[in-house]
Amino acid sequence: MSEFGTVQETQEKGGVRRAGGRRLKGRGRRRSVLLVLLTLAVLIPTALSMVLGVCLEQAWAELDQLRQTVDGPPPQIGAASSGGDTGDTGREEEYGNGAPERPAYQDLYPELYAKPHEWNRVDEEKVVYLTFDDGPSARTPEILEILEQYDVKATFFVVGKETGQAKQWMRDIVAAGHTLGVHSYSHDYNRIYTSVEAYLEDFAQMYHLILETTGEAPQIFRFPGGSINAYNGATYREIVSEMVRRGFVYYDWNRMTGDAVRGTVPVRRLVQNALNQVDTMRRSIVLMHDSRRFTNTVEALPAIIEGYREAGFTLAPLTPEVRPIIYAYPQ
């Protein structure tokens, strides 16, 4: 009995040990599985986020490139490449098969197309483009004199002033080798941003005023208030699309002196605003204003030019070939 008991006890203890070992091994496997699942739960979303982030960044980059690298405006309606009138049949072929109806405003102002040019060919670093909005004005001759002293070319986005003196100032801008672009004829935000048709009407007025005054058709422009502002939320996409379709290039800005705020801004502050963190800049389009009351802008201009040159920048005028700095569409 003692031997049997001893053997049985030993077998039972061995079974307990084996069962306990199996339980320990089972717990170890479960821990390993849980650890693997937890690791995958962390790594998979992280990896997906990284991949999606890269894809999204690439997609936005490609979209931005598409916005700015249009091959050029299509042929004007009624001016078929074969020399004949396309007529309604041609339009049905182009816009048939369920395509959206062609906007009627594309037929407006058939002369309102930019000259053919290369898009985004100029994208140089360490270049600053000084721009002056809302002129010409009594400040224009003073600005031109300073620019001549420093041998700098700039860009003027002008508005609809039809006095003999204003027209002479525009001719002076062009004669000095600066770029003259469209800003707006009326500068009436509530009017020009109501529709594409309203914007085209205002743009055409300013376009023809510049052409008739200087003999040169403007190729670039700047939206009053910038391409995206508080007045054009419902229309800016369509307006931008139509103006780019016609071959014109628009420029926003990434640096401004702040001269247009209410009150008179001290000269020192205007210079600081223009040159703030200049060492971190790759290239810049600077917003300033050419208006009678902005005498401090004229006074600040020499220090602004000198500051950019000391930082190693070249100052140049905008042309249609310069890659624009534009506001991104809000999502």
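Is E201 buried, exposed or partly exposed? With a relative accessible area of 38%, E201 is partly exposed, a value that falls between the 20% limit for buried and the 50% limit for exposed. The model described here is a predicted one.

## Overall organisation

The secondary structure of the protein comes to 9 helices and 8 strands. The protein has 331 residues, of which 41% count as buried. Among contacts between residues at least 6 apart in sequence, 81% join residues at least 24 apart.

## E201 and its surroundings

E201 lies in helix 6. Leaving aside neighbours within four places in sequence, E201 is in contact with Y109 and R191. Along the chain, E201 and Y109 are 92 residues apart, yet their C-alpha atoms are separated by 8.4 Å.

## Packing of helix 4 and helix 6

Helix 6, which spans residues 196-214, packs with helix 4, residues 164-175. The angle between them is about 75 degrees, and their axes are 9 Å apart. Angles of 65 to 115 degrees count as roughly perpendicular, and helix 4 and helix 6 are therefore roughly perpendicular to each other.

On the side of helix 4, the contact is made by K167, M170, R171 and V174. Helix 6 contributes M206, L209, I210, T213 and T214. By residue class, the contact of helix 4 with helix 6 divides into 5 nonpolar, 2 polar and 2 charged residues.

A cis peptide bond joins G135 and P136, with omega of about 0 degrees.

S137 also has its place in the loop between strand 1 and helix 3. The relative accessibility of S137 is 5%, so this residue counts as buried, the limit being under 20%. Leaving aside neighbours within four places in sequence, S137 is in contact with K161, W169, D290, S291 and R292.

## Loop residues with positive phi

Which backbone angle marks D151, although it is not a glycine? D151 has a positive phi of about 55 degrees. This residue is found in the loop between helix 3 and strand 2 (155-159). D151 is exposed, its relative accessible area being 61%.

Q277, likewise not a glycine, has a positive phi of about 55 degrees. Its place is in the loop between helix 8 (267-275) and strand 7 (283-289). Q277 has a relative accessible area of 54% and is exposed.

Rolling a probe the size of a water molecule over the atoms shows where empty space is left. How many cavities of 30 Å³ or more are counted in this model? The count comes to 1. The volume of the largest cavity is about 80 Å³.

The lining of the largest cavity includes D259, G263, T264, V265 and L270. Helix 9 (residues 295-310) provides the largest share of the lining, 3 residues. By class, the lining divides into 3 nonpolar, 5 polar and 2 charged residues.

Notes. Residues are numbered from 1 along each chain as its sequence is written. This is a predicted model: local features need pLDDT of at least 70, side-chain atom pairs count only at pLDDT 80 or more; totals for chains, interfaces and linings use all residues. Side-chain values use heavy atoms; hydrogens and water are left out. On a 1 Å grid over the protein atoms alone, a cavity is a set of points where a 1.4 Å probe fits but cannot get out, and a pocket is an open set with protein on both sides within 12 Å along at least five of seven lines; lining residues have an atom within 4 Å of a point. Grid points are joined across faces, edges and corners, and a volume is the space filled by probe spheres set on the points. Helices (H or I, at least four residues) and strands (E, at least two) are DSSP runs, numbered from the N terminus. Ala, Val, Leu, Ile, Met, Phe, Trp, Tyr, Cys and Pro count as nonpolar, Asp, Glu, Lys and Arg as charged, and the others, Gly among them, as polar. Axes are lines fitted to C-alpha atoms, for helices over the stretch in contact, and angles run from 0 to 180 degrees between N-to-C directions. Angles under 35 degrees count as roughly parallel, over 145 as roughly antiparallel, 65 to 115 as roughly perpendicular and the rest as oblique. Contact means heavy atoms within 4.5 Å. Buried means under 20% relative accessible area, exposed over 50%, partly exposed in between (1.4 Å probe, protein chains only).
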